[in-house]
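Work through these exercises with the model in view. Try each task before you read its solution.

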Amino acid sequence: EAKSPVKGIAFGAIASCVAEMATMPVDVIKVRLQYAGQTSGKAYNGILDATVSTVRSEGPSALFKGLTPALVRQTFYGGLRYGLYAPFRNFIGVDANTPKDKIPLYKKFLAGGGAGATASFLCVPTDLMKVRLQVDGMGGSPRKYNGLIDCGKQIYREKGITGAWRGSGPTVGRATMLAAVEMTSYDEIKLQLTERKIIVPGTISGVFITAVASGFCSAICTSPLDVVKSRVMGQPVGPDGQGKLYKGMIDCFVKSVRNEGFLSLWKGFLPNWGRLGPRGVICFVTMEQLNNMF
């Protein structure tokens, strides 16, 4: 935890950008697995097939599609999500000097959710551009966007400034749940494992085990909202600015379950967990190092 909110936001932004660059290929494959199968049969036979098919048809650089808006997003979203956690926690009645093991679990959950919701809503436009660029050219279809700026212009032409917040419902819902579960579970798992002398706090191995376990909890809880977010944001849009496949979050939930079964809401679960675990390790290790240095 940083010594001040400003440092917390700065360290969170740096750590989030480093983690985003390291896990971007996994995120691209995750989004494509989530997006696939909406209008036709199964597009990929798992993670390996999705990776090989993407590289074969679009080249290795396709695994880093959407990196620019992702980094812009993480600069603000990542920074605010981690940096606002402590201020939110203090705002709901937790004294700044209270030991972590004495803070009620529900207050950690509320603080994480509040920080995540605030950060996510402000950064929906960059998330929308990231998803659009990640699925652009998928399956051999012609590319629609010529980079970040062109994508932003086309989104604005579709439905004005409000169009930049398309999919904000599942996006904010996912981010709220992710931040709440990740921050709460990380603190709690770290505490429990330390008390049982399974890990030593501050070590790379301790952070790795805690972050992977926390990432699993986060992936389980957030996958349904993550799938819906990818589908609502990535769907084709008509001349009227309306999505061609879904009217909104609830419609996407209903159609996905009706057409592909309940488990379709956990499509891309393995790459989702495979991203959240290492991403958490990189974020928390980077922030701990920055806290120690500054």
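**Exercise 1.** The charged end of which residue sits over the ring of Tyr 77?

*Solution.* It is Arg 73, whose charged end lies 4.1 Å from the centre of the Tyr 77 ring. The rule: NZ of Lys or CZ of Arg must be within 6 Å of the ring centre and within 35 degrees of the ring normal. Arg 81 does likewise over the ring of Tyr 82, at 4.6 Å from the ring's centre.

**Before going on.** This is a predicted model, with residues numbered from 1 along each chain. Local features need pLDDT of at least 70 and side-chain atom pairs 80 or more, totals for chains, interfaces and linings use all residues, and side-chain values use heavy atoms, without hydrogens or water.

**Exercise 2.** In which helix is confidence lowest, and in which is it highest?

*Solution.* Helix H11 (residues 269–293) has the lowest mean, 85. Helix H10 (residues 249–260) has the highest, 92. The protein averages 87, and 97% of the residues score at least 70. Helices here are DSSP runs (H or I, at least four residues), numbered from the N terminus.

**Exercise 3.** Classify the aromatic pair of Phe 216 and Trp 273: what type is it?

*Solution.* Rings of Phe, Tyr and Trp (its six-membered ring) pair if their centres lie within 6.5 Å; planes under 30 degrees apart are stacked, over 60 edge-to-face, the rest tilted. Phe 216 and Trp 273 are 4.9 Å apart, centre to centre, with 70° between the planes, so the pair is edge-to-face. The pair joins distant parts of the chain: Phe 216 is in helix H9 (residues 204–234), Trp 273 in H11, 57 residues apart.

Next, take Phe 269 and Trp 273. Their ring centres are 6.4 Å apart and their planes at 35°, so this pair is tilted. Both lie in H11, four residues apart, about one turn of the helix. Phe 216, Phe 269 and Trp 273 form one aromatic cluster.

**Exercise 4.** Is Phe 269 buried or exposed?

*Solution.* Buried means under 20% relative accessible area, exposed over 50%, partly exposed in between (1.4 Å probe, protein chains only). Phe 269 has 16%, so Phe 269 is buried. Trp 273, at 28%, is partly exposed. Phe 216, at 36%, is also partly exposed.

Conventions:
pLDDT is the predictor's confidence in each residue, from 0 to 100. Helices (H or I, at least four residues) and strands (E, at least two) are DSSP runs, numbered from the N terminus.
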